[in-house]
Amino acid sequence: MKVQDLMRTNVVTLHSSDALDIAADIMNMGRIRHLPVVDADNRVVGIVTQRDLYRASISSVLGFAQAKEHEWLGQVTVRDVMTKEVTAIGPEAGVVEAVDKLVTAKFGCLPVVDEHGTLVGLLTETDCLRCFRDLLKMGTFKDWLS
């Protein structure tokens, strides 16, 4: 099985010049935990996660109300908090390799990029767990788990 068999291709992205409140709104509305940051050519230049938002949030430190926090995040750019060195994977890579990267580095997702670094999808730990669940339902691992 290959990464392209499990990845999501409808990926919401950000640009490095976007305000962080946009990322917060997208994550809250779409129940999304990872947002790749792309340049004008759709090449991955970073990633913003819920954890990045939490670190940037002053409400967690100062006890600000949600409206004040949102106002503060509107003054911070994605560039200021994104992870710039992103581990990605190709669509033709095996799922075992992808899961190995996720587990070893304790990542929640891997952007899937083509040979030019252009974003073509996103593989999350949830995608991998769904696949595992489906294999369990099919009885593929029945003998191993009993």
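The following legends describe close-up views of a predicted model. Local features need pLDDT of at least 70 and side-chain atom pairs count only at pLDDT 80 or more, whereas totals for chains, interfaces and linings use all residues. Residues are numbered from 1 along each chain as its sequence is written, and side-chain values use heavy atoms, with hydrogens and water left out.

**View A. The largest nonpolar core has 15 residues.** Such a core is a set of buried Ala, Val, Leu, Ile, Met, Phe, Trp, Tyr and Cys residues joined through side-chain atoms within 4.5 Å; buried means under 20% relative accessible area, exposed over 50%, and partly exposed in between (1.4 Å probe, protein chains only). Leu 14, Leu 20, Val 48 and Val 78 have the most contacts inside this core. At least two of its residues come from each of α2 (20-30), β1 (34-38), α3 (50-56) and α6 (78-81), and α2 gives the most, with five. Helices (H or I, at least four residues) and strands (E, at least two) are DSSP runs numbered from the N terminus.

**View B. A salt bridge joins Glu 92 and Lys 2.** The term denotes a side-chain nitrogen of Lys or Arg within 4 Å of a carboxyl oxygen of Asp or Glu. The closest N and O atoms of this pair are 2.6 Å apart. Glu 92 lies in the loop between α6 and α7 (95-105) and Lys 2 in the segment before α1 (3-6), 90 residues apart.

**View C. Asp 41 and Arg 43 meet through their side chains in a salt bridge.** The N to O distance is 3.3 Å. Asp 41 is partly exposed at 49% relative accessibility, as is Arg 43 at 34%.
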